[in-house]
Amino acid sequence: MTISAISFDGDMTLWDFKKVMRHALKKALSELRRLIPTQRAADLSVEEMIAIRNRVEEEEQGRTWNMEELRLLAFERTLENLGCPDLDLAGHLNELYLKHRFEDIELYPDVIPALDVLAPHYKLGLLSNGNSYPERCGLEGRFAFVVFSQDVQIRKPDRRIFEIAAQRAGCPIEELLHVGDSLENDVMGAHGAGAKTVWLNREGAESHAEIKPDVEITSLADLSGVLGLGQIGN
């Protein structure tokens, strides 16, 4: 493969989004229960809060792109469902959530060693449908280009967002290698745009997708070997 630039997905590729999201929601839920000491609040679960947020995102599709605004709307909806609508409290819960959502992110242990080895040889970028900008998660200055769906209002797997990444990297789409955990969003999306693909399959899941990645790895430590740079130390 002739590769000039490598773009990385964020959530579940560079950090465990599900873990930090649930952690931050638990903090917000504890605060909600403290301020609204009712049985309905006591019965509220993190899973229900996630479901509410997902419904809000579906309703706002094509209208609200900013992920923090969507989370705020979800807190507003949660309070409405509890029979305690309160815009100020929703804002307070959102701020608390976002504080822990970003400050408590933990990178996977293979991330920094991989970036250190790859950076001298390739332009590295972050390409995400999420909202964890590099400076929010301990990766400031690590990427030559950054593309977030909420900024360009295009989501993976739309081929156009990969084309934007290649433009910002200054390379032909054929020389862009995209690394991600999602077969649909990352592998199929990048393949459809004409980029090379790496499926980061940390859990060793089976794939029944028609489109296969160019390379499948279980750790970012394997990426340098794939590219002929030798082994990345853990």
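What is the volume of the largest pocket? The volume is about 660 Å³.

1. Basis. This is a predicted model, in which local features need pLDDT of at least 70 and side-chain atom pairs count only at pLDDT 80 or more, while totals for chains, interfaces and linings use all residues. Residues are numbered from 1 along each chain as its sequence is written, and side-chain values use heavy atoms, with hydrogens and water left out.

2. The largest pocket. A pocket is an open set of points on a 1 Å grid over the protein atoms alone, where a 1.4 Å probe fits, with protein on both sides within 12 Å along at least five of seven lines; lining residues have an atom within 4 Å of a point. Grid points are joined across faces, edges and corners, and the volume is the space filled by probe spheres set on the points. The largest pocket has 27 lining residues, and Asp11, Phe17, Met67, Gly130 and Arg155 lie nearest its centre.

3. Helices at the pocket. At least two lining residues come from each of α1 (17-35), α3 (46-59), α4 (67-81), α5 (87-103) and α9 (183-193). Helices (H or I, at least four residues) and strands (E, at least two) are DSSP runs, numbered from the N terminus.

4. Helix α1. The 19 residues of α1 should span 27 Å at 1.5 Å a residue, and its end C-alpha atoms are 27 Å apart, which agrees. The expected span is 1.5 Å times one less than the number of residues. Asp16 caps the N-terminal end of α1, with a side-chain oxygen 3.3 Å from the backbone nitrogen of Lys18. Buried residues of α1 are Val20, Met21, Ala24, Leu25, Ala28, Leu29, Glu31 and Leu32. Here buried means under 20% relative accessible area, exposed over 50%, and partly exposed in between (1.4 Å probe, protein chains only). An α-helix has 3.6 residues a turn, so residues three or four places apart point the same way. The cover over the buried residues of α1 includes α2 (39-43), α3, α4 and α5.

5. Helix α5. The end C-alpha atoms of α5 are 24 Å apart, in agreement with the 24 Å that its 17 residues should span at 1.5 Å a residue. At the N-terminal end the cap is Asp86, with a side-chain oxygen 3.1 Å from the backbone nitrogen of Asp88. Leu89, Ala90, Leu93, Asn94, Tyr97, Leu98, His100, Arg101 and Phe102 are the buried residues of α5, and their cover includes α1 and α4.

6. Leu70. This residue of helix α4 is buried, with a relative accessible area of 3%. Leaving aside neighbours within four places in sequence, Leu70 is in contact (heavy atoms within 4.5 Å) with Arg53, Val56, Glu57, Glu60 and Thr64.

7. Asn131 and Ser132. Ser132 lies in the loop between β2 (123-128) and β3 (145-148), and Asn131 lies in the loop between β2 and β3 as well. Ser132 counts as buried at 1% relative accessibility; Asn131 is buried at 7%. The side chain of Arg101 makes a polar contact of 2.7 Å with that of Ser132 and one of 3.4 Å with that of Asn131. A polar contact is a pair of N or O atoms within 3.5 Å; within protein, one must be able to donate a hydrogen and the other to accept it, and residues adjacent in sequence count only if both atoms are side-chain atoms.

8. Ala144. In the loop between β2 and β3, Ala144 counts as exposed at 57% relative accessibility. Beyond its neighbours within four places in sequence, Ala144 is in contact with Lys123 and Leu124.

9. Backbone points to check by eye. The peptide bond from Lys156 to Pro157 is cis, with omega near 15°; Pro157 is in the loop between α7 (149-152) and α8 (159-169). Gln153, in the loop between α7 and α8, has a positive phi near 55° and is partly exposed, at 48%. Met12, in the loop between β1 (5-8) and α1, has a positive phi near 70°.
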